[in-house]
Amino acid sequence: MLIELKNINKKFALGEKNFQALREISLAIATGEYVSIMGTSGAGKTTLIDIIGFLDRDYTGSYTFNGRDVSQMTENQAAQLRNTHVGFVFQNFKLIPNLSVFENVELPLLYAGKRRGETRPIVEEALASVGLANTGAKLPNQLSGGQQQRVSIARAIINEPDFIIADEPTGALDSGTSIEIMKIFQSLHRQGKTLLIVTHDPKVGQQAQRMIRLEDGQIVMDGRESNDSPRTD
Ligand SMILES: Nc1ncnc2c1ncn2[C@@H]1O[C@H](COP(=O)(O)OP(=O)(O)OP(=O)(O)O)[C@@H](O)[C@H]1O
């Protein structure tokens, strides 16, 4: 199993008291799954993906990633996992404004140890795969919101991560542009990528093959799309 959480509890210290943001979360995600995480504001979605994405290791319960116990790792090992095994896509793109599109997408490759001389074909292929061939020389602010989100998807897939976490990837986009971005996620899914998408938008959530709903820090629904066709006989 790629991701396996068992009985995860997460508390935040709030003054004298604790606030329990996640309760007894148990969840297994296999390679190639396309999962949406839905729930109202404050339900615990970001808290959960921060744990899954190795950003937060302050919880109780167990997290096993590809058979490795995440809680036993050092901070450096967790950072290494985060940099090379996860691709992040954010609502507000988080591109670096004074770097070109090419340089934004290239950066994770350089962090992973690639030399400048060997990155060009990899970056160009990633940009082409999100429909942005020949855009590398532009600065992020010369692009539309939808194009900037495509750049951030190219950046997220550049190191061929084991999974991609997208936190409200269409939250800052109009509905037409959202549909374009969701088509890219569908195509990544068809290529076998593992996707976790946090969203408020039911139209976005329903595109996933599996929908998880959180309420007050608990999983209240975890359902896969049914492939049963109605009987005709
Ligand atoms: N650092 C923190 N300290 C204290 N409480 C926190 C902290 N981070 C989150 N919380 C609380 O934990 C709960 C879950 O927050 P979380 O951000 O995971 O919700 P969410 O489902 O992602 O919401 P949204 O859709 O608004 O992003 C909320 O009640 C929030 O106030």
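Analyst: Two residues are in contact if their C-beta atoms, placed from the backbone, lie within 7 Å. By that criterion, F102, V105, E106 and L109 of helix α3 meet I122, V123, A126 and L127 of helix α4. This is a predicted model, in which local features need pLDDT of at least 70 and side-chain atom pairs count only at pLDDT 80 or more, while totals for chains, interfaces and linings use all residues. Residues are numbered from 1 along each chain as its sequence is written.

User: What makes α3 and α4 helices, and where do they lie?

Analyst: Helices are DSSP runs of H or I of at least four residues, strands are runs of E of at least two, and both are numbered from the N terminus. Helix α3 covers residues 101-111 and helix α4 covers residues 120-129.

User: Why are α3 and α4 called oblique to each other?

Analyst: Their axes come within 10 Å and cross at roughly 120 degrees. Axes are lines fitted to C-alpha atoms, for helices over the stretch in contact, and angles run from 0 to 180 degrees between N-to-C directions. Angles under 35 degrees count as roughly parallel, over 145 as roughly antiparallel, 65 to 115 as roughly perpendicular and the rest as oblique. The angle of roughly 120 degrees belongs to the rest, and α3 and α4 are therefore oblique. The residues of their contact divide into seven nonpolar, no polar and one charged. Here Ala, Val, Leu, Ile, Met, Phe, Trp, Tyr, Cys and Pro count as nonpolar, Asp, Glu, Lys and Arg as charged, and the others, Gly among them, as polar.

User: What makes the crossing of α3 and α4 right-handed?

Analyst: A crossing is right-handed if the near helix is turned clockwise from the far one by less than a right angle, and left-handed if anticlockwise. α3 passes α4 in the right-handed sense.

User: Why are α3 and α5 called roughly parallel?

Analyst: The axes of α3 and α5 come within 7 Å and cross at roughly 25 degrees. That angle is under the cut-off for roughly parallel helices, so the term applies to α3 and α5. V101, N104, V105 and P108 of α3 make this contact with V151, A154 and R155 of α5. By class, the residues there are five nonpolar, one polar and one charged.

User: How do you know that α5 and α6 are to be described in the same terms?

Analyst: Helix α5 (residues 145-157) packs against helix α6 (residues 175-190) at an angle of about 20 degrees, with axes 9 Å apart. The two are therefore roughly parallel, and α5 passes α6 in a right-handed crossing. From α5 the contact takes G145, G146, Q149, R150, I153 and I157, and from α6 it takes T177, E180, I181, I184 and L188. Five of these residues are nonpolar, four polar and two charged.

User: What makes β9 and β10 a pair of strands?

Analyst: Two strands pair if DSSP finds at least two bridges between them. Strand β9 (residues 210-215) and strand β10 (residues 218-224) have six bridges, in the antiparallel sense, so they meet the criterion. In one of them, L214 has I219 of β10 as its partner. The two strands form a hairpin with two residues between them, and D216 in the turn has a positive phi of about 45 degrees.

User: Why are β2 and β5 said to stand at the edges of their sheet?

Analyst: The open sheet of four strands has the order β2-β1-β4-β5, with antiparallel pairing. β2 (17-29) and β5 (68-69) each have a single partner strand, so one side of each is left without a neighbour in the sheet. Within this sheet, five bridges join β1 (residues 3-14) to β4 (residues 60-65), and E4 stands opposite T64 in β4.

User: Which order do the strands of the six-stranded open sheet follow?

Analyst: The order is β6-β7-β8-β3-β9-β10, with mixed pairing. β6 (86-90) and β10 are the edge strands, each pairing on one side only. The twist averages 15 degrees from one strand to the next. β3 (residues 34-38) pairs with β9 in the parallel sense over four bridges, M38 having R213 as its bridge partner in β9.

User: What makes a residue part of the shell around the ligand?

Analyst: A residue is near a molecule or strand if its C-beta atom, placed from the backbone, lies within 6 Å of it. The residues that surround the ligand include F12, F19, G44, K45 and T46. α1 gives the most to this shell, with three residues. By class, the shell has five nonpolar, six polar and one charged residues.
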